[in-house]
Amino acid sequence: MFDWPQIQTTAQMRATESAAMASGAVSGVQLMQRAGMAVAGQIRLRWPKPGRATVLCGPGNNGGDGYVIARHLHRAGWAVRVLGLDNTPGPDADAMKRDWRALGPIRPLTPQQMSAECDLVVDALFGTGLTRAPDGDIARILGWLQGHPSLPVVAVDCPSGLCMDSGRPLHAAAPRCQLTVAFDSLKPGHLLAQGPRLCGRLVIEDIGIAPWRDASTLHRATLHPGLNKVLGKQPDSHKYGSGHALIVAGGRGKGGAAQLAAQAALRIGAGLVTICPPDAALPEHAGAPWALMRQSIDDAADLSQTLADPRISAICLGPGCGVDRAAQLLPPLLASGRACVLDADALTALSEHPRALHANCVLTPHMGEFARLFPDLAQALNTPAKTGPALSKLHITRQAAARCGATVLLKGADTVMAAPDGQAAIHSAFDTPFLATAGAGDVLSGLIAGLLARGQTPVAAAALAATLHSAAARHIGPGLIADDIPQAIPRILRDLNV
Ligand SMILES: NC(=O)C1=CN([C@@H]2O[C@H](COP(=O)(O)OP(=O)(O)OC[C@H]3O[C@@H](n4cnc5c(N)ncnc54)[C@H](O)[C@@H]3O)[C@@H](O)[C@H]2O)[C@@H](O)CC1
Ligand SMILES: Nc1ncnc2c1ncn2[C@@H]1O[C@H](COP(=O)(O)OP(=O)(O)O)[C@@H](O)[C@H]1O
Ligand SMILES: [K+]
């Protein structure tokens with residue numbers, strides 16, 4: 001999708017590594033050498049003056065990476081203390097362990113060996129192989145790290161204890177790291193739930209296995225220069241070439257939410273946007289923006305008649321609409337098969353009166369609305385994670401989309417969108433908490449409606465909208481009110497050279 005970075009699950013990552021090794025192009029030891037060297041390189045880049053490092057090496061290949069890192073830091077003049085297990089790991093990690101032993105001792109992996117007299121801790125305890133909560137001495141070491149929050153921790157692949165498929169810690173003391181260096185591709189857990197907070201700064205290092213990647217149906221939705229082609233218009237374009245979005249508004253005194261959505265649809269470049277309140281509320285929409293057209297829709301028959309115009313290419317139903325009105329308008333809207341965004345009151349109406357959806361619908365619930373629509377899935381996510389891979393927001397969004405036959409965008413600081421065919425994207429925006437403000441969701445719905453009107457597929461429209469929405473929020477900063485977001489869209493488009 002739009003050349004966005006691929007995200008691989010841990011199972012896909014293992015398959016990619018196996019395929020690379022099976023091809024004969026690279027061995028396991030070489031991959032481990034590349035991984036360890038990449039982490040050591042990132043450390044030296046950020047801590048150019050050699051200091052004192054404690055490298056914590058776990059039982060498997062993540063630990064193997066740790067021994068490689070220890071060797072490179074030692075060579076670069078660091079004073080390195082290695083803590084490891086008295087075990088025989090797999091052959092690759094074992095070879096790396098032996099290489100380290102030629103340079104220095106391996107101390108017991110116990111909390112008693114931990115010392116605050118160090119400048120950096122390298123966490124090479126567990127990576128993609130984590131299947132259950134760390135216990136015993138390793139758990140106590142994690143607890144020790146938690147008690148020393150000012151000690152910088154660099155995570156190899158991920159903070160140990162974090163489930164890389166879900167972003168959910170399997171252990172309460174998964175370390176909060178300053179830097180995480182992961183290999184080849186992002187994993188869902190880097191972007192979801194607690195992942196972004198625990199990973200700190202995230203760097204993905206190429207270890208030369210991209211050609212063997214499993215074709216991923218999961219992407220990270222993020223701003224990148226190539227989006228100018230997606231969002232740009234041709235010199236000879238005509239307004240109807242960019243579609244006509246219809247935004248259904250609610251009754252008297254309830255029109256603000258639909259106004260926010262309508263302004264967002266205009267700003268993102270829908271050719272025409274019409275706001276449709278009931279006749280009695282029409283006077284409330286008489287003012288600016290003058291680019292916005294107005295037309296009353298009182299009931300289902302009015303909507304059917306309006307939708308007879310084939311140029312209407314997307315509809316937004318829900319923001320400020322009122323549950324009864326949404327319930328009344330849903331049947332003709334869904335019967336039209338037209339691309340639509342169903343948000344807010346339309347989602348409540350759907351949870352009260354379930355209806356068959358179709359592949360051109362985008363549902364935009366926050367977690368509360370999602371729980372009303374898919375109570376079993378929401379409850380499953382609320383169950384504490386004990387084993388990996390743990391159930392994630394990605395899993396439940398994909399399941400919801402497959403079940404209802406529509407694209408589902410599940411909002412939050414981590415926003416996940418999934419289509420019924422499994423195509424999915426994650427947009428992580430943990431740096432814009434000020435988006436949690438009234439009306440921000442209405443703007444998001446309007447952006448999706450505008451992009452649908454312009455012909456984007458439902459999942460692409462949802463992912464692009466989430467990306468532009470948080471980019472606009474980031475540009476505005478704290479103090480943001482929802483009204484600011486549509487106004488900031490031109491600036492974001494200009495920065496993208498659209
Ligand atoms: N496979 C490869 O070729 C490469 C792997 N790399 C590294 O290898 C890591 C994956 O290695 P592994 O698959 O060995 O897994 P880990 O090193 O993450 O875990 C080691 C083993 O510990 C066991 N385990 C899981 N949870 C446990 C718990 N709570 N307590 C005790 N033991 C537990 C599991 O059997 C697992 O295999 C990656 O994260 C990455 O750091 C990199 O070196 C790149 C190349
Ligand atoms: N903590 C947060 N960090 C970043 N974005 C957030 C956060 N909380 C909510 N958002 C985003 O803000 C918007 C809020 O939408 P919603 O919950 O529907 O609010 P409203 O109904 O008031 O418009 C969504 O796009 C959501 O992804
Ligand atoms: K780790």
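Trainee: What makes helix 12 (residues 344-352) mostly covered?

Mentor: In this predicted model, seven of the nine residues of helix 12 are buried, a residue being buried if 20 or more other C-beta atoms, placed from the backbone, lie within 10 Å of its own, exposed if 12 or fewer do, and partly exposed in between. The buried residues are Ala344, Asp345, Ala346, Leu347, Thr348, Ala349 and Leu350. Helices here are DSSP runs of H or I with at least four residues, and strands are E runs of at least two, numbered from the N terminus.

Residues are numbered from 1 along each chain as its sequence is written, with chains lettered from A and ligands numbered from 1 in the order written. Because the model is predicted, local features need pLDDT of at least 70 and side-chain atom pairs count only at pLDDT 80 or more, whereas totals for chains, interfaces and linings use all residues.

Trainee: Which elements cover the buried residues of helix 12?

Mentor: The cover includes strand 12 (312-317), strand 13 (340-342) and strand 14 (361-363), together with helix 11 (323-336), helix 13 (367-373) and helix 16, where contact requires C-beta atoms within 7 Å.

Trainee: Helix 16 (residues 440-453) is also named for the shell around ligand 2; what does it give there?

Mentor: Helix 16 gives the largest share of that shell, four residues. The shell has 17 residues, of which Lys411, Ala413, Leu435, Ala436 and Gly441 come nearest; a residue is near a molecule if its C-beta atom lies within 6 Å of it. By class the shell around ligand 2 holds eight nonpolar, seven polar and two charged residues, with Ala, Val, Leu, Ile, Met, Phe, Trp, Tyr, Cys and Pro counted as nonpolar, Asp, Glu, Lys and Arg as charged, and the others, Gly among them, as polar.

Trainee: How is the shell around ligand 1 made up by class?

Mentor: The shell around ligand 1 divides into 10 nonpolar, 11 polar and four charged residues. Of its 25 residues, the closest are Gly60, Asn61, Asn62, Gly127 and Gly129, and the elements giving two or more residues are helix 2 (28-46) and helix 3 (61-75). Helix 3 supplies the largest share, five residues.

Trainee: Why is helix 17 called roughly perpendicular to helix 18?

Mentor: Helix 17 (residues 458-476) and helix 18 (residues 484-495) pack at an angle of about 95°, their axes being 8 Å apart. That angle makes the pair roughly perpendicular, since 65 to 115 degrees counts as such, under 35 as roughly parallel, over 145 as roughly antiparallel and the rest as oblique. The contact of helix 17 with helix 18 has nine nonpolar, two polar and two charged residues.

Trainee: Why does Leu223 count as partly exposed?

Mentor: Leu223 has 16 C-beta neighbours inside 10 Å, and so counts as partly exposed. Leu223 lies in the loop between strand 8 (218-220) and helix 8 (227-231), and, leaving aside residues up to four places away in sequence, touches Thr467 and Ala471.

Trainee: How do you know whether Phe2 and Asp3 are exposed or partly exposed?

Mentor: Asp3 is exposed, with 12 other C-beta atoms within 10 Å, whereas Phe2, with 18 C-beta neighbours inside 10 Å, counts as partly exposed. Phe2 sits in the segment before helix 1 (10-22). Although not a glycine, Phe2 has a positive phi of about 50°, and Asp3, not a glycine either, has one of about 60°.

Trainee: What omega goes with the peptide bond called cis from Gly388 to Pro389?

Mentor: The bond from Gly388 to Pro389 has omega near -5°, and the one from Ala288 to Pro289, cis as well, has omega near 0°.

Definitions and conventions
Axes are lines fitted to C-alpha atoms, for helices over the stretch in contact, and angles run from 0 to 180 degrees between N-to-C directions. Two residues are in contact if their C-beta atoms, placed from the backbone, lie within 7 Å.
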